Amino acid sequence: MTAILVDADACPVKDEIYRVAERYGVPVTVVSNSPLRVPASPLVQRVVVSDGFDAADDWIAERAAPGTVCVTADILLADRCIKAGAVVLAPTGKPFTTASIGSAIATRAIMADLRANGDVVGGPPPFGKADRSRFLSALDEALVKLRRAGHG
């Protein structure tokens, strides 16, 4: 059965996920290190994990499987979920795939080195309406594909 797992602590598209999940009747599990508000819906479950390092990532990765959509900006978690057969989307709507994850991991490592040396200041561009719209389209498309593949 199709399900959505959300790496929720810093996820800017939770409301969009809830709306799309309601439309398709797909259960959503919101995983975080601290309690977050979620809609009162039988489709939405909140899971609060310990504040241990990677506790939310571990919880999600252990449950990622074919038929699951994982929403995360964490590249290393995305890699684990892809290896488990899940569809993985960044909050910007960018899909992480087996073809793209290797270069994403390499870029992450390079940027970490540059930041450590003080060569890079600042972070990614601000999250905007175009990102939100791209995410909605990508999530809708992923759920339609999973339904067609029999993950109903």
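Reply: Contact here means heavy atoms within 4.5 Å. This is a predicted model, in which local features need pLDDT of at least 70 and side-chain atom pairs count only at pLDDT 80 or more, while totals for chains, interfaces and linings use all residues. Residues are numbered from 1 along each chain as its sequence is written, and side-chain values use heavy atoms, with hydrogens and water left out.

K14 belongs to helix 1, residues 14-24 (helices are DSSP runs of H or I of at least four residues, strands runs of E of at least two, numbered from the N terminus). Its relative accessible area is 17%, so K14 counts as buried (under 20%, with exposed over 50% and partly exposed in between, using a 1.4 Å probe and protein chains only). Leaving out residues up to four places away in sequence, K14 touches V6, A8, V30 and L36. Of these, V30 is 16 residues away in sequence, with a C-alpha to C-alpha distance of 8.5 Å, and A8 has its backbone oxygen 3.2 Å from a polar atom of the K14 side chain.

D7 lies in strand 1, residues 3-7, and is likewise buried but has no salt bridge, the nearest side chain of opposite charge being that of K14, 9.4 Å away (a salt bridge needs a side-chain nitrogen of Lys or Arg within 4 Å of a carboxyl oxygen of Asp or Glu; Lys and Arg count as positive, Asp and Glu as negative, and His and the chain ends are not counted). Beyond four places in sequence, the contacts of D7 include V31, A56, T72 and L77.

How values were computed: Polar contact = N/O pair within 3.5 Å; in protein donor to acceptor, adjacent residues only side chain to side chain.
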